[in-house]
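Thanks for coming. I have one structure to go through today, starting with the whole chain and ending on a single residue.

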Amino acid sequence: MNTPEPMSTPEPAGAGVPVVLAGARGHGRWHLDNIRRLQDKGIVRLAGICELTPLTPDEIPQGLGAPEQSADFGALLDATGARIAVVCTPIPTHTDLALTAARKGVHLLLEKPPTPSYAEFRRMADGVAEAGVACQIGFQSLGSHALPAVREMIGDGAIGEISGVGGAGAWARPEAYFRRAPWAGKRRMNGVDVIDGALTNPLAHAVATALALADVTRAEDVTGIETELAHANAIESDDTSCVRITTAAGRPVVVAATLCAEDPDDPYVVVHGSQGRITFWYKQDRVLLQRGGHGPEEFEYGRTDLLENLVDHLTDGTDLLVPPAATEAFMRVVEAIRVAPDPLELPDDAWHRLPGEDRRVVPGVDGLVAAAADTLALFSELGAAWASPTAHPKEVST
């Protein structure tokens, strides 16, 4: 059952909305810099940092002063009077921290993936809605102004009838990446779901953006999911994977990703039509329109920051760009990956170490990822000798 997005009480004018950041190291450093940018504009004010080990003065960007620090998230929210909490902590902690903030009336920017399972997602989303606070999920690519522009192109029939959407992410990560935290590269830890795989964490934006351009956001928009999960690195989770989502509208969404690329490049989403295609490089906010009878047309767009959008929502009622309801379909994909058989360990002859870069490479995987997005086919259907289909096309577990 979908719960309507709660209406938020308008935030009073002042010297910036007080914000607490939970998880300020790792990717949290990006949030510190972004909060500094918005603080300089008078939009927010960093009131506190929640970390198990306090940040040193050198770890706090200049201009943010000396915010209060504590390992006790709830106590920190109380002490600082925070109105917004940015949660950028390990994936299994998201739900409990979000609900702690919600119970205190604190609004949320919750990093992606929001939770490691669909059951946890429902617990989080329903609890937040019941508390009446606003929650924004941190898919920054969904703040791109390219999304409504591409939707307008599709609606205007620029590329004819839409046949499907593909996504491709060929990235590289050193072996040290999987040692960056105890939960990195894990499917489960101490009996708790983590699901830190290529499609669910580092390249989750490719999945979420492909679904958004396919207009597949709600749980009921997904009718089936097929997964092919593998890893070349010495990890539990997947680093080379693809997924095909069957949609209620009958247009498939296929996303392929690897962290073992030969020549890493920017990820993209491609919308296939009967008379052309639209390619969206979501990290660049760049769009290429190719269609019959016209030369290629390229466009660049701006982007709305999700924390700034959340503040606008609280102050003047601007619609949230990524409320939990907009990520239900993505969480169906996370759930399908969670319940799939453990990823296939690639044989030794399917990968090699790249000298000097401390990383593993799967030869030919760059072209395989691109071909999956281009043809809407799975790795096994494209002839990858190591691919092992673990398909569940008829149902989606919750």
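**Overall fold and one buried threonine**

The secondary structure of this protein chain amounts to 9 helices and 20 strands. The radius of gyration is 21 Å, close to the 21 Å that the globule rule gives for 398 residues, so the chain is as compact as a globular protein of that length. Keep in mind that this is a predicted model.

Next, the dimensions. Taken along the principal axes, the C-alpha atoms fill a box of roughly 60 × 50 × 40 Å. The accessible surface of the chain is about 16000 Å², and carbon and sulfur atoms make up 50% of that surface. On the burial side, 58% of the 398 residues count as buried.

How much of the contact set comes from residues 24 or more positions apart? Counting contacts in the chain with a separation of 6 or more, such pairs account for 71%.

On charge, there are 33 positive and 54 negative side chains. The centres of those two sets lie 2 Å apart.

Is T209 buried or exposed? Its relative accessibility is 0%, and buried means under 20%, so T209 counts as buried.

What does T209 touch, leaving out residues up to four places away in sequence? The partners are S141, L142 and L147, then V269, F280 and Y282.

Conventions
Residues are numbered from 1 along each chain as its sequence is written. This is a predicted model: local features need pLDDT of at least 70, side-chain atom pairs count only at pLDDT 80 or more; totals for chains, interfaces and linings use all residues. Side-chain values use heavy atoms; hydrogens and water are left out. Buried means under 20% relative accessible area, exposed over 50%, partly exposed in between (1.4 Å probe, protein chains only). Contact means heavy atoms within 4.5 Å. Helices (H or I, at least four residues) and strands (E, at least two) are DSSP runs, numbered from the N terminus. The radius of gyration is taken over C-alpha atoms; the globule rule is 2.2 Å times the number of residues to the power 0.38. Accessible areas come from the Shrake-Rupley method with a 1.4 Å probe; for residues, only the protein chains shown count as cover. Lys and Arg count as positive and Asp and Glu as negative; His and the chain ends are not counted. The place of a charge is taken as NZ of Lys, CZ of Arg, CG of Asp or CD of Glu.
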